[in-house]
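Please look through the sequence and the model shown here. The paragraphs that follow lead from a single residue to the chain as a whole and then to some of its details.

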Amino acid sequence: MNTGVAETKIKLENRWLDDKAYANWTNWKWQVSHCIKDIDTIERILDITIDPEERVQIQQTIDHFPMSVTPYYLSLVDPDDYKNDPVFKQAFPDKRELHITSCDMSDPLAEDTHSPAPGITHRYPDRVLFCVSNVCAMYCRHCTRKRRVGDIDSVPSRSELKEGLEYIRNTPVVRDVLLSGGDPFLLPDERIQWLLDELNKIEHVEVIRIGTRTPVVLPYRITDELIEVLKSSEKPVWINTHFNHPQEMTSTAKRALKMLAMAGIPLGNQSVLLSDINDCPRIMKRLVHKLVRNRVRPYYLYQCDLSEGLEHFRTSVGKGIEIMESLRGHTSGFCVPTYVIDAPGGGGKIPIAPNYLISWSTNKVILRNYEGVITTYQEPDCYQHTSCDLKCDTCNLQLKLDEAEEKSVVGISRLLADYDETITLTPTEVEVIEQEIEESEIDHSNGSDA
Ligand SMILES: *Cc1c(COP(=O)(O)O)cnc(C)c1O
């Protein structure tokens, strides 16, 4: 089998595998059961020595946020420059993780508060996040669910999963189920098969999404057997993976991606923007090019969340915008992910992009392109506004609604709608507004007295 250069190098040069282990290298279960969890083993495998003083602090970090690295992923580290290595930095603890700042939160996305059933986060109208596994092979140091890492007791039982499935079954608006975790692909094939079968039985579920980092940290998990399980789903399965750096795209990872793509599974990638790891337009461009060459569409670039102990990974938002500026127009459109900030407090994902609309008048917009050319677009004089009353049956546009009507419109769409009279969206917890309400109540009562 074709292995990565670094992978081959470590196997041959460091000779830390005996013959039996060598034969097992490509077995994902062997990889999982040989995950490296202590500093000594890291030192031995990479043939490095961690500074004794730092070692104490790193051990304290591990006591708080455990470490686990697959032998495969560790083999991608360049031992000669491990301190700057993007793989090492994502896998090996840093004492700065114990530095919790005042704005850090244990559950920044309020996933636990939006949870109507075990493992389910129902934040958006038509889709749910379903955490079906609390287990990961590699513990990403930048994990947004750091609060739960290594929390073995919370591995969802079959009956908990059934409760989650029951919620989906009883909630017809859910058309998209996003299986996440932990890593769903750390579950045994049979459990994945069962989950897919159950979801396939729910009529209103249209798509099943799986978020997994196994193609990056445990590519041997993508076996022929797993492919058969995924192919058995009548409903489309979409997979999102999590490459952060071009160094992670080894020949083994490529093989795993190819197997998934050849099974007809659309592949996407969600990267996290990480300080000193991938906060560079050139690295990001290299990464997205490697992704699309391997049939993976860059989907999201995440601003790093406010989870506890992640401050040293966070970049300015400007860095993300600079990266987006360097991609759009400069490379194929489908190489460009959407840069998002997942709003703290459960506000959901908010897209951020450079501004291309510079100004506008009643019939003209002023735009700039990626090269800095400023241009005009003349709007048609004849375009008539057609008022929408949501009566699609009588509309010329011929939308055949064969199912239940959409629920009431929310957000800015509501302000734009002809059929809704709302003219402002008012946050409910604003002091001034509460005061105004009180005052208007007083005015009103005075008025009625008179
Ligand atoms: C990210 C996320 C989704 C999926 O969002 P998309 O923009 O559709 O990819 C769904 N639910 C929750 C809670 C999420 O965090």
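In which helix is the place of Q90? Q90 is found in helix 7; helices (H or I, at least four residues) and strands (E, at least two) are DSSP runs, numbered from the N terminus. The model is predicted, so local features need pLDDT of at least 70 and side-chain atom pairs count only at pLDDT 80 or more, while totals for chains, interfaces and linings use all residues. Residues are numbered from 1 along each chain as its sequence is written, and side-chain values use heavy atoms, with hydrogens and water left out.

Is Q90 buried or exposed? With a relative accessible area of 0%, Q90 is buried. The term buried means under 20% relative accessible area, exposed means over 50%, and partly exposed lies in between (1.4 Å probe, protein chains only). If neighbours within four places in sequence are left aside, the residues in contact with Q90 include Y73, M138, H142, R213, N244 and L274; contact means heavy atoms within 4.5 Å. The C-alpha atoms of Q90 and V69 are separated by 9.7 Å, and these two residues are 21 apart along the chain.

The view may now widen to the whole chain. It has 16 helices and 12 strands. Of its 450 residues, 44% are buried. Among contacts between residues at least 6 apart in sequence, 75% join residues at least 24 apart. The chain exposes about 24,600 Å², of which carbon and sulfur atoms supply 51%; accessible areas come from the Shrake-Rupley method with a 1.4 Å probe, and for residues only the protein chains shown count as cover.

The interior can be described through its nonpolar cores. A nonpolar core is a set of buried Ala, Val, Leu, Ile, Met, Phe, Trp, Tyr and Cys residues joined through side-chain atoms within 4.5 Å. The largest one has 86 residues, and those with the most contacts inside it are I42, Y73, F130, I168, V177, L230 and I239. Helix 12 (residues 251–262) gives the largest share of this core, six residues. At least three residues of the core come from each of domain 1 (5–98) and domain 2 (120–351), where the domain bounds come from an automatic or database domain assignment. For I239, contacts beyond its neighbours within four places in sequence include F185, I210, L230, L260 and P266. Another core, of nine residues, lies apart from the largest one, with V272, L274, Y302 and C304 among its members.

Charged side chains form a further set of links. How many salt bridges does the structure hold? There are 18 salt bridges, each being a side-chain nitrogen of Lys or Arg within 4 Å of a carboxyl oxygen of Asp or Glu. One of them joins R55 and E43, whose closest N and O atoms are 2.6 Å apart. This pair links distant parts of the chain, since R55 is in helix 5 (residues 52–64) and E43 is in helix 4 (residues 39–46), 12 residues apart. R55 counts as partly exposed because its relative accessibility is 25%, whereas E43 is buried, at 13%.

K146 and E97 form another salt bridge, with the closest N and O atoms 3.1 Å apart. These partners are 49 residues apart: K146 lies in the loop between strand 2 (127–133) and helix 8 (158–169), and E97 in the loop between helix 7 (86–91) and strand 1 (120–124). K146 counts as buried because its relative accessibility is 5%, and E97 counts as buried at 0%. R209 and D176 also meet in a salt bridge (2.9 Å, N to O). R209 lies in strand 4 (residues 207–211) and D176 in strand 3 (residues 176–181), so this pair ties together parts that are 33 residues apart in sequence. Both R209 and D176 are buried.

The peptide bond from G181 to G182 is cis, with omega near 15°, and G182 lies in the loop between strand 3 and helix 9 (189–201). D276 is not a glycine, yet its phi is positive, near 70°. D276 belongs to the loop between strand 6 (267–273) and helix 13 (281–293), and it counts as exposed because its relative accessibility is 55%.
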